[in-house]
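Reader: I would like to go through the labels used for this structure and hear what each one rests on.

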Amino acid sequence: MKWLSKCMLAGALFGVACTGFAKDIADDMVGTADALKKWGGNAAVEFLPDGGYKGKAAVRIVAGADKKGKMIGQSLKADEVKGKKIEFSAKVKAENVAPGSKSWLGVKFMISIKTAEGKQSWIETFPANLRNGTYDWQEIKTTANVPADAVTVSVSMGIQESEGTVLFSDVEVELED
């Protein structure tokens with residue numbers, strides 16, 4: 001939504017045509033306690049009404065020393081995103097997230113896609129330096145081209161097979177225009 005507002009303003013002021021991610025599929029996905037109810041696994045999170053990026057709402061996910069991790073996920077309507085490019089974005093902050101035993105473990109922010117043929121894909125396109133450690137608010141994005149034969153599409157976030165604390169704020173999914 002933020003991009004669309006800027007794009008519309010630029011168009012009105014300068015006659016600029018915009019391309020890119022323009023349609024919100026899910027906006028402010030953790031902005032209220034009710035919005036959080038749409039996430040599966042939400043027992044593992046704490047809702048912070050004003051504890052997020054620039055005072056916005058956030059969720060805090062804490063994974064203990066057992067390193068089982070904590071994840072939450074939400075399904076998207078596959079019919080809305082088939083054959084299109086989607087972007088899953090948020091602001092993320094980490095506190096003492098330990099490195100996992102594999103390079104892809106630690107902070108998770110991914111798109112999962114299953115096709116009619118049963119092919120499963122897990123897509124994460126954010127920088128590896130945001131997988132573990134302690135850092136202040138950073139923008140995080142994962143993009144995916146959804147196949148035309150997708151039957152399920154979901155987004156998930158949290159900590160996988162690691163320990164520490166991660167906060168997510170300003171979470172949304174957009175379609176490329």
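Reader: What makes F109 and F168 count as buried?

Author: Both F109 and F168 are buried, a label that means under 20% relative accessible area, with exposed set at over 50% and partly exposed in between (1.4 Å probe, protein chains only). This is a predicted model, in which local features need pLDDT of at least 70 and side-chain atom pairs count only at pLDDT 80 or more, while totals for chains, interfaces and linings use all residues. Residues are numbered from 1 along each chain as its sequence is written, and side-chain values use heavy atoms, with hydrogens and water left out.

Reader: Why is the pair of F109 and F168 called stacked?

Author: Rings of Phe, Tyr and Trp (its six-membered ring) pair if their centres lie within 6.5 Å; planes under 30 degrees apart count as stacked, over 60 as edge-to-face and the rest as tilted. The centres of the F109 and F168 rings are 5.8 Å apart and their planes are at 20°, so the pair is stacked. The two residues link distant parts of the chain, 59 residues apart, with F109 in strand 6 (residues 106-115) and F168 in strand 10 (residues 164-176). Together with F88 they form one aromatic cluster.

Reader: Where do the strand numbers come from?

Author: Helices (H or I, at least four residues) and strands (E, at least two) are DSSP runs, numbered from the N terminus. The chain has 3 helices and 10 strands, in the order α-β-α-β-β-β-α-β-β-β-β-β-β.

Reader: Why is the pair of Y53 and W137 called edge-to-face?

Author: The structure holds 3 aromatic pairs. In the pair of Y53 and W137 the ring centres are 6.4 Å apart and the planes are at 75°, so the pair is edge-to-face. Y53 lies in the loop between strand 2 (45-48) and strand 3 (58-63), and W137 in strand 8 (residues 133-145), 84 residues apart.

Reader: Which of the labels buried, exposed or partly exposed do Y53 and W137 receive?

Author: Y53 has 23% relative accessibility and therefore counts as partly exposed. W137 has a relative accessible area of 17%, so W137 is buried.

Reader: How do you know that the charged end of K91 sits over the ring of Y53?

Author: The criterion is NZ of Lys or CZ of Arg within 6 Å of the ring centre and within 35 degrees of the ring normal. The charged end of K91 is 5.1 Å from the centre of the Y53 ring and sits over that ring.

Reader: What makes D170 and K56 a salt bridge?

Author: A salt bridge is a side-chain nitrogen of Lys or Arg within 4 Å of a carboxyl oxygen of Asp or Glu. For D170 and K56 the closest N and O atoms are 3.5 Å apart. D170 is in strand 10 and K56 in the loop between strand 2 and strand 3, 114 residues apart. D170 is buried because its relative accessible area is 8%, whereas K56, at 37%, counts as partly exposed. Salt bridges that share partners join K56, K91 and D170 into one network.

Reader: How many salt bridges does a search of the whole structure find?

Author: The search finds 9 salt bridges. One of them joins R60 and E46 at 2.8 Å, N to O. R60, with a relative accessible area of 27%, is partly exposed, and E46 is partly exposed at 39%.
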